[in-house]
Amino acid sequence: MSMYFGIDGETLWNPSNGAGRLFLRQVEVFEAELNLPSGIGQGKYRGDPDTLEVVPAV
């Protein structure tokens, strides 16, 4: 299994689930520490929990 990170339906990165979860945990730490959203949202891309929409404007 793997995860998908994308913008407007285009895949940017397709890591394994382990690497993807590790990346997301790091993102969560930075969001909490800086009190800023990252623009990476789980389950917002095609409604699948292993696909994530990246919103560059955020």
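The model is predicted, so local features need pLDDT of at least 70 and side-chain atom pairs pLDDT 80 or more, while totals for chains, interfaces and linings use all residues. Residues are numbered from 1 along each chain as its sequence is written, and side-chain values use heavy atoms, without hydrogens and water.

**Helix 1.** Select residues 17–34. Helices are DSSP runs of H or I with at least four residues, strands runs of E with at least two, numbered from the N terminus. Helix 1 has 18 residues and reaches 26 Å from first C-alpha to last, close to the expected 26 Å. That expectation is 1.5 Å times one less than the number of residues.

Now pick N17, G20, L24 and V27, the buried residues of helix 1. They cover an arc of only 85° around the axis, so they sit on the same side of helix 1. The arc is taken from the directions from the helix axis to the C-beta atoms. Buried means under 20% relative accessible area, exposed over 50%, partly exposed in between (1.4 Å probe, protein chains only).

Turn to the face away from the buried side: L22, R25, V29, F30 and E33 are exposed there. Just after helix 1, stop at N35, with a positive phi of about 55°.

**Rings.** Show F5, W13 and F23, a cluster linked by ring pairs. Rings of Phe, Tyr and Trp (its six-membered ring) pair with centres within 6.5 Å; planes under 30 degrees apart are stacked, over 60 edge-to-face, the rest tilted.

F5 and F23 have ring centres 5.5 Å apart and planes at 85°, so this pair is edge-to-face. F5 lies in strand 1 (residues 4–7) and F23 in helix 1, so the pair ties together parts 18 residues apart in sequence. F5 is buried at 3% relative accessible area; F23 is partly exposed at 28%.

W13 and F23 are also edge-to-face, at 5.3 Å and 85°. W13 is partly exposed, at 39%.
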